[in-house]
Amino acid sequence: MTLLIKNALCFIADEFKKSDVFITDGIITDISSTISSNGADRVIDARDKYFLIPGFVDVHTHLRQPGFSYKETIKSGSMAGARAGYTAICTMPNLNPAPDCLENLKVQTDIIKRDAVIDVLPFGTITKGRKGVGEVVDFKSMADKVVGFSDDGTGVQTAELMEEAMIQCAKLNKVISAHCEVNDLLLGGYIHDGVYCKEHGHKGICSESEWAQIERDCKLAEKTGCRYHVCHISTKESVDIIRKAKARGVKVTCETGPHYLTMCDEDLQEDGRFKMNPPLRSREDMNALIEGVKDGTIDVIATDHAPHSKEEKSKGLKGSAMGVVGLETAFGVLNTKLVKTGVISLEKLIDMMSIRPREIFDIPGGKIEVGAPADLALLDIDKKWCVDPEKFVTMGRATPFQNWKLQGENLLTIYKGEIVYEAI
């Protein structure tokens with residue numbers, strides 16, 4: 001198939017340039033100011049106003065299959081990603097069976113090969129059973145089949161176990177993507193230990209339960225030389241620890257989510273769609289995260305897309321399962337709240353959602369250039385829309401952004417040269 005995209009504002013060499021882009025058999029074969037439409041099977045006019053970017057990459061998603069397909073499937077989750085402009089998503093190992101060996105990993109990868117409409121790149125676990133205690137996995141056996149290793153949902157509870165994992169992953173040049181949480185500090189908490197928590201009689205999760213492990217792990221990464229990535233940071237202390245570790249030359253990167261950059265515990269309601277882990281923190285924490293984005297301490301914005309059933313999310317803040325969906329709202333929320341308000345540039349946002357994730361996790365692509373794979377998204381940054389969960393492609397419906405009025409939406413997703421989503 002040949003495809004010509006005309007009059008697009010293309011993200012080339014970190015800036016937007018008006019260009020035509022010709023695609024042949026999944027590869028970008030020509031880029032210039034004017035390309036003849038002769039010979040193209042399809043021509044799409046970007047009308048001098050739509051932005052063509054390397055497809056988004058989400059390095060933190062939960063597709064729930066195998067084991068929990070009543071929440072989400074690889075097919076529905078990857079289709080939701082395609083709708084949102086993602087051409088690659090990295091799926092976390094909160095599964096049954098947990099991908100802690102080749103046999104269990106194959107259960108997942110067989111479904112991916114059959115059902116995924118974009119790249120779905122699995123994480124292997126750090127510990128056997130994804131328990132955060134006990135024994136580490138055989139990293140070498142899975143290294144060339146996973147994007148990295150994570151016990152997401154569980155913090156690795158001892159320094160000795162994490163150091164052993166880091167030593168082995170450093171030898172393999174693989175990333176450890178750490179969910180940082182000290183079990184002994186949780187004390188039954190389920191929202192941030194802040195003002196809302198105290199005023200409404202809830203049990204709180206202290207910030208130290210997150211940043212204490214990050215502090216420990218940054219020292220271990222410095223010692224071992226491991227490539228260490230921190231999942232979904234939410235506290236001001238986490239930002240400060242990572243900023244200082246980077247200044248020392250530690251191989252540490254990190255992500256946060258759209259909800260942590262745009263909401264705080266002042267926005268909480270007695271509704272399960274506001275419950276996630278880590279929780280929405282204080283306004284001071286939110287502002288520190290924004291500063292971390294602006295100064296480069298935070299490398300990536302990932303959704304932590306975590307669908308649950310309607311019943312599981314219908315039990316208020318106390319009883320609902322932790323996790324909200326995020327793929328289909330991510331760009332609109334961030335464009336509206338960070339770009340349109342002048343906090344960061346559109347170029348910066350594209351770097352954090354498309355380019356840096358690929359660099360950190362060695363995912364091919366990320367460039368609009370001749371010879372590059374045609375994994376692309378076409379954005380209308382001015383389109384206005386309202387978040388209606390009943391229109392989501394994902395099976396999940398719980399979003400803290402319900403009824404938000406947003407600007408910016410994906411119109412077209414191209415994966416390996418084929419159109420996998422279209423609304424143009």
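Buried means under 20% relative accessible area, exposed means over 50%, and partly exposed covers what lies in between, with a 1.4 Å probe and protein chains only. The model shown here is predicted, so that local features need pLDDT of at least 70 and side-chain atom pairs count only at pLDDT 80 or more, while totals for chains, interfaces and linings use all residues. Residues are numbered from 1 along each chain as its sequence is written, and side-chain values use heavy atoms, with hydrogens and water left out.

**View 1. The overall fold of the protein chain.** The protein chain holds twelve helices and 18 strands, where helices (H or I, at least four residues) and strands (E, at least two) are DSSP runs numbered from the N terminus. Its radius of gyration is 21 Å, close to the 22 Å that the globule rule gives for 424 residues, so the protein chain is as compact as a globular protein of that length; the radius is taken over C-alpha atoms, and the rule is 2.2 Å times the number of residues to the power 0.38. The C-alpha trace spans about 65 × 45 × 45 Å along its principal axes, and 62% of the 424 residues count as buried. Among contacts (heavy atoms within 4.5 Å) with a separation of 6 or more, 74% come from residues 24 or more positions apart.

**View 2. The salt bridge of Lys71 and Glu312.** Lys71 and Glu312 form a salt bridge whose closest N and O atoms are 2.9 Å apart, the term requiring a side-chain nitrogen of Lys or Arg within 4 Å of a carboxyl oxygen of Asp or Glu. Both Lys71 and Glu312 are buried. The pair links distant parts of the chain, 241 residues apart, with Lys71 in the loop between E6 and helix H1 (74-84) and Glu312 in the loop between strand E15 (300-301) and helix H10 (316-319). By this rule the count comes to 27 salt bridges.

View 3. Glu328 and Arg83 meet through their side chains in a salt bridge of 2.7 Å, N to O. This pair links distant parts of the chain, with Glu328 in the loop between H10 and helix H11 (330-339) and Arg83 in helix H1, 245 residues apart. Glu328 counts as buried, at 11% relative accessibility. In the bridge of Arg248 with Glu222, the closest N and O atoms are 3.1 Å apart, and the partners lie 26 residues apart, Arg248 in the loop between helix H7 (236-247) and strand E14 (252-256) and Glu222 in helix H6 (residues 208-224). Arg248 is partly exposed at 44% relative accessibility, as is Glu222 with a relative accessible area of 41%. Salt bridges that share partners also join Lys246, Asp299, Arg356 and Glu359 into one network.

**View 4. The surroundings of helix H1.** Eight of the eleven residues of H1 are buried, so this helix is largely enclosed by the rest of the structure. The buried residues include Ile74, Ser76, Gly77 and Ala80, and those of H1 pack against E6, E7, helix H2 (102-115), strand E8 (119-124), strand E17 (405-415) and strand E18 (418-422). Gly85 follows H1 and has a positive phi, near 100 degrees.

**View 5. The aromatic pair of Phe56 and Tyr86.** Seven aromatic pairs are counted, a pair being rings of Phe, Tyr and Trp (its six-membered ring) with centres within 6.5 Å, called stacked for planes under 30 degrees apart, edge-to-face for over 60 and tilted for the rest. Phe56 and Tyr86 form a tilted pair, 5.4 Å centre to centre with 55 degrees between the planes. Phe56 lies in strand E6 (residues 56-61) and Tyr86 in strand E7 (residues 86-91), so the pair ties together parts that are 30 residues apart in sequence. Phe56 counts as buried at 0% relative accessibility, and Tyr86 counts as buried at 2%.

View 6. The peptide bond from Gln65 to Pro66 is cis, with omega near 10 degrees, and Pro66 is found in the loop between E6 and H1. Arg64, in the loop between E6 and H1, has a positive phi near 70 degrees although it is a residue other than glycine. Arg64 counts as buried, at 8% relative accessibility.
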